[in-house]
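Hi everyone, I've got a few minutes on one protein model. Have a look at it first, and then I'll walk you through a part of it.

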Amino acid sequence: MAIGAHDKKILRDLAKCKAEIGNLPIQKETSDLWRKLNRLESVRPLVWINEIPWHELNAGGELTCQCEDKALHDLEYSLRTELYQWNHFRCDMVVEPVFYNGIVGGPGSSYADYGILEQVNRSVDGEDVGYIPIIHSEADADKIKTPRVWYDRQATEQKLLFHSELFDGILEVRTRGIVTQWHSPWDQMIHWYGIEQLYSDMYDRPQLVHRLLRNFMRALNEVVTQQEALGMLDIGNGNWRVGSGGLGITDQLPVSNPDGHRIQTGEQWGCATAQIFSEVSPAMHEEFALQYERPLLERFGLTYYGCCEPLHKKIDMLRSVRNLRKISMSPWINVDEASDKMAADYVFSFKPNPAHLAMSTLDAGLVRSYLEDVAKKTRRNRVEFILKDVTTVCNQAQRLDEWAGIAMDVARAQ
C-alpha cells in the first residue's frame with residue numbers, strides 16, 4: 001500500500017509519542033504490579049478503564065484523524081485513542097514501544113456462521129427491537145455447524161511489511177495471532193432461543209436445551225482446535241484485556257516462543273460467561289452452562305469467568321474450574337458475601353458502577369465513598385477495579401479523567 005508523505009509523517013509522529021511513552025520506566029513497574037496480582041500476591045487494587053464512549057471525548061480535537069487517505073484512519077485512530085487514554089485516564093494502563101501486526105483470518109470469536117440465521121424483530125419504523133426465537137425442536141438444534149476457520153498468511157505478511165516500513169526506526173513491529181478468547185455461548189444462543197422460552201424449556205424440555213448446548217459447544221471446540229492446527233494462536237501472556245477484566249500480564253504462562261512451535265490453548269488465557277443466567281440457581285447454572293463450558297475453559301492455561309452477571313452466590317460452583325484465576329464481580333454483587341467466599345484464592349475483578357458517570361453531574365464525593373467502601377470490604381482479596389460499559393459521560397470528557405484520579409487515590413491508599 002502506497003502512503004503519501006503527509007500521512008506518513010502523521011503516523012510516524014504518533015508512533016514516536018507511543019515509543020517515548022512505552023520506554024518510560026513506569027511501564028515495567030506497572031507490568032510488575034499486574035504480574036503480581038495475576039499470581040495472587042498481595043498488591044494494591046489495580047485500576048483500568050475500557051469500553052469507552054470515544055465519540056464523546058473529542059472536544060479538543062485530539063482524536064480527529066488527519067490522514068488524507070481514509071483507509072489509514074483505523075490505524076491512526078488506534079494510535080490516537082491509546083495516546084489519549086495515557087494522557088487523560090491512564091490509571092494502571094501499560095503502553096509498549098511495540099506495534100502489533102494482527103493476523104488476517106477468521107473466525108476469531110464465537111460470533112460467526114454456525115449455520116443458523118438470526119431473525120431480527122423490527123418495529124414499525126424499522127428499528128431492531130430484538131430477536132425472534134427460531135429453536136423449537138431438536139431438529140433445529142441439529143442445524144448447528146462448525147464455521148470455516150481460515151488464515152491468510154500472505155495477506156498477514158503483506159501487512160507486516162507495510163507496518164515495518166512505516167514505523168522503521170521508531171517502533172518494533174511484531175505479528176501477533178489470537179492471544180486470548182472470550183467464549184460466551186449463551187450470548188449467541190439466546191439470539192436463537194429467546195430468554196422466556198429458554199427458562200421454560202430448562203424445566204419442560206431440558207433435553208432440547210442440552211442438545212443445543214452439546215452441538216454448539218462441539219462447534220466452539222472444533223473452531224479452537226482448527227485455530228491451533230493452522231497456527232493462528234499466539235502467546236497469551238501480555239498487555240491485553242483478559243475476559244471482561246484487566247490485563248493478562250503473567251509469568252505463569254509462557255513469555256516467548258523461541259522454538260517457533262504452534263501455540264496451544266494451554267499457553268493462553270481463556271474466558272467464559274453466561275450473563276443471562278444471573279437469576280438462575282447455581283444448580284441450574286451448572287447443568288445448563290458450566291458443565292459444558294468447563295471442558296473448553298480447561299483447555300487453557302488460566303481462565304476468567306463472568307461479565308455483568310452477579311456471581312457472589314456461585315463462587316463455590318466456580319471452584320470446580322481447576323484453572324480459574326479471575327472472577328468478574330459486577331456492580332450488582334453483595335460485596336461482603338463475595339469477599340468472604342473468594343478470600344485470596346482468585347482475582348476479585350470488580351466492575352464499579354458506570355452509571356455514576358451518566359448522572360446530571362459527576363458526584364465526586366459519591367464516587368470516592370463508593371470505591372472506598374468496596375476497597376475496605378475487599379482488603380483481604382486480590383482486587384482489580386475495571387470500569388467498563390461506560391456508554392456516556394454526558395459529553396463531558398473530563399468526567400473520565402476525574403473518575404480515574406479518584407480511583408487511583410483510593411487504590412494507592414490501600
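This is a predicted model: local features need pLDDT of at least 70, side-chain atom pairs count only at pLDDT 80 or more; totals for chains, interfaces and linings use all residues.

Residues are numbered from 1 along each chain as its sequence is written, and side-chain values use heavy atoms, leaving out hydrogens and water.

Okay, strands. Find E11, residues 347-350; strands here are DSSP runs of at least two residues marked E, helices are runs of at least four marked H or I, and both are numbered from the N terminus. Which way do the E11 side chains point? Val347 and Ser349 go one way, Phe348 and Phe350 the other, and all are buried, meaning under 20% relative accessible area with a 1.4 Å probe, protein chains only. In a regular strand, side chains alternate between the two faces of the sheet.

E11 runs parallel to E10, residues 324-329, with four bridges joining them; strands pair if DSSP finds at least two bridges. Met329 stands opposite Phe350. E12, residues 382-387, is also parallel to E11, through four bridges, and Ser349 has Glu384 as its partner there.

Now Met329 again. Its contacts (heavy atoms within 4.5 Å), leaving aside neighbours within four places in sequence, include Leu311, Met342 and Phe348. Met329 is also among the residues with the most contacts inside the largest nonpolar core, which has 88 residues. Such a core is a set of buried Ala, Val, Leu, Ile, Met, Phe, Trp, Tyr and Cys residues joined through side-chain atoms within 4.5 Å.

Notes: Buried means under 20% relative accessible area, exposed over 50%, partly exposed in between (1.4 Å probe, protein chains only).
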